[in-house]
Structure formats: C-alpha cells, structure tokens
Amino acid sequence: MNTLLEVSGVSKAFGGVQANSDISLKVPEGKIIGLIGPNGSGKTTLFSSIVGYHPIDSGSIKFEDKEISKLRVRQIARRGMLRTFQQTRIYGGMTCVQNMLISTSMRSHNLTSLFVSQKSGEHGRAEELLEFVGLYQKRYLLAGDLSFGQQKLLEFAMALMNEPKLLMLDEPTAGINPTLINGLIDRLKHANQAFGITLFVIEHNMRVIMNLAEHIYCLAHGQMLAEGAPEEIQNDQRVIDAYLGAH
Amino acid sequence: MSRLIGYAAILAIGIAAPYLFPNYQSQMAELWLFIVFALTWDLVGGQMGYNSFGNVVFIGVGMYTCAIVQVGLFYSVTDYNAAKGGGQTVFTFDVVQYLEGLAVGLPLAAVAAGIVAAILGSAVLGMRGHYFAICTLGLGVAAGQIANGWDWIGAGSGMVVPHAPSGLGETSRFYYYLAFVLAVLTFIVVSWLYSTRFGLAINAIRDDEDKAEAMGLPTTRIKVTAWVISALFLGVAGGLLGNLKRFIDPIEVAFAGASFGVWMVLMVILGGKGTLWGPVIGAIVFQLLKEFFWTYLLGWQRVALGLMIVLIVVFFPQGILGFLRERFPERFGHKVDPALARGAAGEAAK
Ligand SMILES: Nc1ncnc2c1ncn2[C@@H]1O[C@H](COP(=O)(O)OP(=O)(O)OP(=O)(O)O)[C@@H](O)[C@H]1O
Ligand SMILES: [Mg+2]
C-alpha cells in the first residue's frame with residue numbers, strides 16, 4: 001500500500017508557543033485516518049503546516065514521495081491535497097452553484113482556462129454534489145445566507161468538486177445538527193470509497209472518529225501522544241488522561 | 001428580447017446624442033470616458049474587492065503615450081515640448097498625419113498602460129485591504145511628481161496635444177464618437193468577463209482570498225490580469241481625454257488623483273459596487289450633478305460635490321442599484337446578474 005502523505009519530525013513554534021514538536025505520521029492511500037487531541041494540542045497547526053500555510057521550523061513533509069514543505073499553498077493544492085477550515089470558509093457573496101463552479105481543480109489548467117463561460121461542462125456535476133450533501137434546494141441562495149452547518153456542508157461539497165487525492169477535514173461535524181451527523185459520516189465514507197479520496201480528519205466527536213477512521217493519531221501539548229486502531233486509542237490510558245484534563 | 005430592445009435603445013441614444021444636444025458634446029464625450037473609468041474601477045475595486053486609488057496612473061500613462069506618439073511620429077518630441085509658449089506654428093499636422101497619430105497612439109497608450117499595470121500590479125497586489133488602497137494612492141501621487149519633473153514630456157508646464165487640422169470637421173463630435181465606441185467596447189468586454197470563470201475567480205478573491213488560494217486558484221496572476229485589463233481600457237481613455245482637453249497638465253489632468261482618481265470611485269459607490277450596471281448609472285448621475293454644480297453653484301461647486309459625497313456614503317452605502325435591489329428584489333432580479341437575483345429573490349421569499 002502506498003503512503004500518500006508522510007510527515008517526519010515536523011516542529012512549529014509561534015513565538016514561545018511550541019504548537020507542534022517532532023510530529024511524524026503517515027497517511028496511506030485510500031484510507032481514512034483520524035487526528036484527535038484536546039483543544040490547543042496543535043491539530044490545526046499541523047494541518048496548516050502540511051498544506052503550506054506557514055513555513056515549518058524543521059522536519060519534512062512528503063506528498064506522493066515528493067518533498068512539499070517548501071511549496072506554497074496553491075502549488076500544494078494543485079498537486080491534489082486540499083484542506084477545509086475549522087472556521088468554515090466559503091465565498092459568501094456568491095451563490096452555492098457559483099461556489100461549486102469555481103472550486104474545480106486547477107491541476108491541469110492555467111490562467112487562460114478561466115476565460116470560458118461559467119456554464120461550460122461542470123454545471124451538472126456541481127448540482128449533483130450539492131444534491132449529495134443535501135443543499136440542492138438552496139443552490140441559488142447566496143452562500144453567506146446559509147446557516148453555519150449548511151456552510152460546512154457546502155465547503156465539503158466544494159472540496160469534492162476539486163477532486164483531490166487527499167482531503168484534510170478540520171472538524172467536519174462541528175456545528176452540524178446531531179441528527180445529521182450519521183448522514184455526514186455516510187457521506188464521508190462514500191467520498192472515500194466511491195470517489196477514491198483519501199481522508200485525513202480532525203475530529204472532537206469520539207463517536208464519529210471511532211466510526212470513521214481506520215487508524216487514529218492523538219496529539220497532546222503539540223506532541224504525538226499515541227497512535228493506533230480506534231479500539232486501542234479508545235482504551236489508551238494516556239489518551240483518556242489527556243482528554244480528562246489530567247495535564 | 002426586451003433586453004435586446006433596451007440595448008438597441010441605448011445605442012441609438014448614444015449615436016443620436018451629438019445631434020440632439022450639440023452644445024454638450026464634449027461633456028457627453030467626457031461622460032462616456034467616465035463610464036469607462038467606473039466600469040474598469042469596479043472590475044478591480046468592486047468585483048475583486050481591491051479598492052484602488054491609483055487607477056489614474058493608467059489614464060496618465062495613456063494620455064502621455066498617445067500625445068507623444070502623435071507628435072513623435074512626425075517631429076522631435078524634445079523640440080516640440082521645448083518650443084511651447086514660444087508662439088511657434090511650425091508643428092502642424094495635416095489630416096492624414098493626425099489620424100495616423102491617433103491610430104498608432106491610442107493602441108500604444110493601451111499597451112503602455114497595460115505594461116505599467118503588470119509591473120505595478122506584481123509589486124503591490126500582494127498587499128491587502130487598506131494597505132493596498134493607501135499604496136495605490138501613493139502610486140498616483142508619485143506618477144504625477146515624476147511627470148512633473150520630466151523635461152522630455154514638458155515637465156511642470158505640461159504638454160500641448162496636437163491640435164486637429166481644420167479638414168477633420170468638428171473635433172468634439174469626432175471625439176464624442178471615439179469615446180462612445182470605447183465605452184461600448186469596455187462594457188461588452190467587462191460583461192463578458194463576468195460571465196466567465198474568470199469573473200467567478202475575482203469574486204472568489206473578493207469573498208475570501210485565502211480560501212481561493214487554498215483551492216488552488218492562481219490568485220496573484222488573476223489579480224494582476226484583472227488590473228492589466230482595466231489598464232488597457234484606461235490607457236485608451238486617457239489618450240482620448242488628453243485630446244479632448246488638448247492640454248496635459250501632469251497633476252491637474254494626467255495624474256489627477258484628487259479629481260478623476262476619486263471621482264471614479266464615487267461613481268461606482270453611487271451606482272452600486274460590484275454590479276454590472278451600477279458603474280454606468282453612477283457615472284451618468286455623477287456627471288449630471290457635476291455639470292449642474294459647475295454651472296449653477298460656481299465658486300461653491302467643490303463644496304457641493306463634497307457634501308454630495310457625504311450624503312451618498314451615509315444614505316446610499318449600497319449605491320443606487322443596491323438600494324433598488326433591496327427594495328424590489330423580484331423586480332430587479334432579471335436585470336441584474338440572474339444568479340445573484342435568484343439568490344436575492346429566494347432570500348425575500350424565505
Ligand atoms: N497563528 C498563531 N499564532 C500564535 N499562536 C498560535 C497560532 N496558531 C495556533 N497557535 C497556538 O498553537 C497552539 C495550537 O493551536 P491549534 O489551533 O493548532 O490547536 P487545535 O489542536 O487545532 O485546537 P482546537 O481543537 O481548539 O481547534 C495553541 O496554543 C494556539 O494558541
Ligand atoms: Mg483546531
């Protein structure tokens with residue numbers, strides 16, 4: 001099995017705060033991998049480091065066996081690795097359909113490919129994916145007028161529109177109505193199995209991550225605390241302590 | 001269908017106007033140029049969210065480039081500018097020379113302004129928000145100072161634009177139609193742009209640039225391209241404006257940040273930022289008010305204009321179109337961007 005993403009010995013500090021220290025992990029192709037940890041343990045920071053949002057202090061990040069830790073956000077996105085934001089980010093002044101249409105992959109395209117009609121080609125797929133996340137009825141509403149949970153779903157659909165190889169989701173179920181969470185888990189699994197997108201998911205909801213991930217990493221205080229299968233993590237005393245605030 | 005009739009009516013009015021109001025030809029020519037200013041400003045300021053106070057740079061560059069080409073094709077620019085005020089009449093242009101000068105000068109004005117936009121854009125479009133706005137303000141001032149000190153182009157005493165030979169007929173009508181064609185062309189190009197993925201991309205940059213970048217859009221290149229497109233049209237508009245004014249003062253006419261530079265922003269805010277028709281409507285209303293103030297409130301015209309600015313910003317922060325759209329969403333829907341309108345209508349129905 002191929003390793004899609006390999007992080008080795010990555011450290012990142014913000015001034016005096018050591019947000020990540022010596023983090024190593026692997027995301028194999030085709031899997032769903034989880035990342036958990038208490039608030040402030042450095043999960044989002046690690047995601048940002050991986051997608052090139054800020055330079056790392058040391059270590060190496062490889063995507064498809066190529067070093068990417070020096071690349072810029074856009075270059076990494078074009079290679080097929082995408083992240084969604086914990087603070088959901090969509091284009092508020094545009095309709096849902098427009099949000100989708102401009103989210104297609106730029107992998108095999110350049111600037112001149114933007115000078116074609118908005119309607120060309122991808123409109124059907126945009127509507128299908130909106131249907132898939134349950135936003136079809138809202139497709140001509142301004143994205144900024146959607147509720148927070150709906151925006152989260154839209155952001156997920158936009159990411160799917162981009163057809164990434166690896167999709168990194170920062171708390172996809174935060175703010176989603178508990179009755180809809182099971183549906184969202186199914187959709188994430190569907191994206192993984194039917195669309196072949198490898199997922200790397202930050203999640204606070206234990207039930208969700210235990211259900212979803214095949215392998216889980218746990219961060220605490222910026223360090224890798226534990227890793228393993230969901231059952232192992234669930235019963236790991238160190239993880240339980242970290243979550244119960246025994247730190 | 002009704003849309004086609006509407007466009008045809010506007011074109012017909014535009015063509016007939018010099019015959020209907022022969023006394024106002026130069027003001028109307030200026031109005032078409034203002035529409036170009038407003039449309040191109042909104043491309044970057046409204047649709048892309050980058051508020052520029054430096055677009056006058058492209059007007060000035062176009063203005064000087066065109067005038068220099070008009071002269072330089074036939075005479076030495078140095079001699080021409082040095083002789084000014086000496087009452088010399090050796091620098092005359094016959095009809096063929098005059099037209100040739102324009103035919104070469106106007107396209108080169110576009111090219112020069114476009115190149116300047118590409119260079120400046122790569123340098124300043126990395127800045128965001130207020131930093132970008134203030135930086136562009138500085139660019140306008142700096143450009144004026146450079147022109148003010150450059151002897152070859154006449155420095156502080158300005159440059160006389162070649163006067164039209166008598167064989168050409170009425171020049172104000174001639175320039176009216178050139179400005180009219182440019183405005184129509186600008187409108188067509190801009191509205192086409194908004195129908196492409198490029199239009200979506202600049203809207204995405206306006207709404208959340210970090211997200212756009214995270215999704216793989218080449219944001220820097222998109223921003224520079226948008227500014228260059230604006231500059232191409234502004235360069236030609238500058239070339240025409242110079243010929244309309246017949247005299248280029250580096251600070252009062254060419255790099256007139258305090259007048260054209262600010263006015264173009266006001267027109268857009270007045271009409272409605274980030275809409276296709278807002279800049280057009282804003283430019284028309286602005287020019288009417290400006291001419292009214294300059295005619296009837298002479299001496300106080302700038303005060304009146306200032307007061308109007310305050311009133312606009314306080315009472316119509318969304319502009320005329322934005323205001324009307326909020327009041328009558330269903331009605332306005334079909335005239336504005338249909339997708340947006342459906343969003344607005346749906347919102348109202350909720
Ligand atoms: N841009 C920044 N500047 C300074 N400090 C930062 C910055 N980003 C994160 N930090 C700090 O780094 C640490 C890790 O933050 P991070 O956002 O990665 O945590 P997290 O695990 O995602 O938490 P949560 O579960 O609450 O989202 C925190 O102490 C935070 O204050
Ligand atoms: Mg976080």
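B:Asn81 is located in helix H4 of chain B, which covers residues 77-83. The structure described here is a predicted model. With a relative accessible area of 7%, B:Asn81 is buried, because a residue counts as buried when this value is under 20%. A polar atom in the side chain of B:Asn81 lies 2.7 Å from the backbone oxygen of B:Trp152. B:Trp152 is also among the residues in contact with B:Asn81 once neighbours within four places in sequence are left aside.

Phi of B:Ala155 is near 45 degrees. B:Ala155 has a relative accessible area of 10% and is therefore buried. The other residue is B:Arg246, with phi near 70 degrees, again a positive value in a residue other than glycine. B:Arg246 is placed in the loop that runs between helix H10 (219-245) and strand S2 (247-248) of chain B. The relative accessibility of B:Arg246 is 41%, so B:Arg246 counts as partly exposed. This class holds because the value falls between the limits of 20% for buried and 50% for exposed residues.

In chain A, ligand 1 is considered next. The shell around ligand 1 consists of 14 residues, and the closest of them are A:Lys43, A:Thr44, A:Thr45, A:Gln86 and A:His204. By class, the shell contains 8 polar, 4 nonpolar and 2 charged residues. Several polar atoms of the protein lie close to oxygen atoms of the ligand. An N or O atom in the side chain of A:Gln86 is 2.7 Å from an oxygen atom of ligand 1. For A:Asn39, a polar side-chain atom lies 2.9 Å from an oxygen atom of ligand 1. In the case of A:Gly40, a backbone N or O atom is found 2.9 Å from an oxygen atom of ligand 1. Ligand 1 exposes 640 Å² when taken alone, and the protein buries 61% of that area. Strand S2 (17-28) and H1 of chain A are the elements that give two or more residues to the shell around ligand 1. H1(A) supplies the largest share, with 3 residues.

A:Ser41 lies in the loop between strand S3 (32-36) and helix H1 (43-50) of chain A. The relative accessible area of A:Ser41 is 2%, so A:Ser41 is buried. Not counting residues up to four places away in sequence, A:Ser41 touches A:Ala19 and A:Asn20, and also A:Leu219, A:Ala220, A:His221 and A:Gly222.

At the level of the whole chain, chain A is divided into two parts, each made of two stretches of sequence. Domain 1 takes in residues 1-80 and 164-247, whereas domain 2 takes in residues 89-106 and 120-163. The C-alpha centres of domain 1 and domain 2 of chain A are 24 Å apart. Contacts between these domains of chain A involve 19 residues of domain 1 and 15 residues of domain 2.

Notes
Residues numbered from 1 in each chain as written. Chains lettered and ligands numbered in written order. Predicted model: local features only at pLDDT ≥ 70, side-chain atom pairs only at ≥ 80, totals over all residues. Heavy atoms only, no water. Helix = DSSP H or I, 4+ residues; strand = E, 2+ residues; numbered from the N terminus. Buried < 20%, exposed > 50% of the residue type's maximum accessible area, 1.4 Å probe, protein only. Contact = heavy atoms within 4.5 Å. Near = heavy atom within 4 Å. Polar contact = N/O pair within 3.5 Å; in protein donor to acceptor, adjacent residues only side chain to side chain. Areas by Shrake-Rupley, 256 points an atom, 1.4 Å probe, with all protein chains shown as cover. Nonpolar A, V, L, I, M, F, W, Y, C, P; charged D, E, K, R; others polar. Domains from an automatic or database assignment.
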